[in-house]
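Me: I've got this one open and I'd like to zoom in on a single part of it. Could you pick a stretch and walk me through what's around it?

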Amino acid sequence: MINFTLSNKVKMPAVGIGTFLMTPAQAEQAVYDALSCGYRMVDTAQAYMNERAVGRGMKKSGVPREDIFLSTKIWASQYLTENTVEKSLELLDTDYIDLMFIHQPAGDFMAGYRKLEKAYKEAKIKSIGISNFHGKKLEKLLSECEIKPHVIQMEAHPYYMDTETIDMLEECGCRVMAWYPLGHGDKALINEPVFANLAQKYGKSNAQIILRWHIQVGNQVIPGSTNPEHIKANADIFDFELTAEEMEQIAGINKNVRYYKASNEQEESYASYVIDLDSQD
């Protein structure tokens with residue numbers, strides 16, 4: 001495993017386990033399995049409704065808390081809620097969070113971001129993130145924030161790299177954490193001939209080639225899986241390196257195709273989607 005260094009000098013593992021769409025039981029087991037086979041980064045969110053289970057999985061693993069990089073996200077309906085950062089700390093059963101995001105560019109997202117800035121100053125979180133931001137809302141956040149974001153979580157894969165957003169964040173050194181790193185499991189992407197050929201050359205799977213590509217372009221990845229063998233394989237990508245020519249070949253398949261794109265109306269609707277954090281298992 002290798003680490004990336006954020007603009008505030010915090011080190012973040014290049015690969016983590018994602019827990020999106022996992023039930024509490026699945027999340028607890030996946031976190032345990034990942035940490036047991038060498039992962040040191042875990043990603044969750046208030047909206048996933050499994051923070052409590054993620055905390056249990058971390059404790060169950062026996063890995064010291066200081067050796068785990070933990071990230072979570074404030075949901076849009078929580079941006080105006082007092083002590084929402086503290087609620088995640090309680091659910092995760094931890095004294096601090098390594099990276100905390102605001103989850104969507106919806107509602108009063110600046111109020112949510114200011115909560116993160118306050119928590120950062122109080123050392124309750126060690127890094128600040130934004131998720132799914134782009135365009136004018138990103139411009140607004142960057143112009144009004146006191147502390148620039150350290151990480152952006154966004155859709156990124158060989159079929160799509162949002163260069164416009166990445167360029168907007170380049171000056172502040174904001175690093176990309178890729179969701180849908182394997183293109184939402186799209187077989188057309190995963191089975192591209194370039195990946196099949198490179199998989200044969202390096203004795204890896206097509207998915208491992210794609211994840212290695214991410215690391216070499218500088219993306220942190222959080223592939224999610226509940227299969228222990230897949231979890232282990234997703235991190236087994238540090239014993240080979242793609243050449244510059246091979247990286248160019250992969251760049252050549254970019255289709256500028258996204259698997260998820262919310263309209264402004266859909267984005268704003270997230271602010272009205274209320275979650276009951278206390279109802280988690």
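Reply: Let's take helix H1, whose buried residues are Pro24, Ala27, Glu28, Ala30, Val31, Asp33, Ala34 and Leu35. Buried here means under 20% relative accessible area, while exposed means over 50% and partly exposed is in between (1.4 Å probe, protein chains only). Bear in mind that this is a predicted model: local features need pLDDT of at least 70, side-chain atom pairs count only at pLDDT 80 or more, and totals for chains, interfaces and linings use all residues. Residues are numbered from 1 along each chain as its sequence is written, and side-chain values use heavy atoms, with hydrogens and water left out.

H1 covers residues 24–36. Helices (H or I, at least four residues) and strands (E, at least two) are DSSP runs, numbered from the N terminus. With 13 residues, H1 reaches 18 Å from its first C-alpha to its last, close to the 18 Å expected; that expected span is 1.5 Å times one less than the number of residues. An α-helix has 3.6 residues a turn, so residues three or four places apart point the same way.

What do the buried residues of H1 pack against? They pack against strand S3 (17–18), strand S4 (41–43), helix H2 (51–61) and helix H10 (228–234), where contact means heavy atoms within 4.5 Å. After H1 comes Gly38, with a positive phi near 115°.

The structure holds seven aromatic pairs, and one of them joins Phe20 and Tyr48. Rings of Phe, Tyr and Trp (its six-membered ring) pair if their centres lie within 6.5 Å; planes under 30 degrees apart count as stacked, over 60 as edge-to-face and the rest as tilted. This pair is tilted, with 5.3 Å centre to centre and 50° between the planes. Phe20 sits in the loop between S3 and H1, Tyr48 in the loop between S4 and H2, and the pair links distant parts of the chain, 28 residues apart. Are those two buried or partly exposed? Phe20 is partly exposed at 48% relative accessible area, but Tyr48 is buried at 14%.

Another tilted pair is Tyr202 and Phe240, at 5.1 Å centre to centre and 35° between the planes. Tyr202 belongs to helix H8 (residues 193–202), while Phe240 is in the loop between H10 and H11. Phe240 is buried, with a relative accessible area of 9%.
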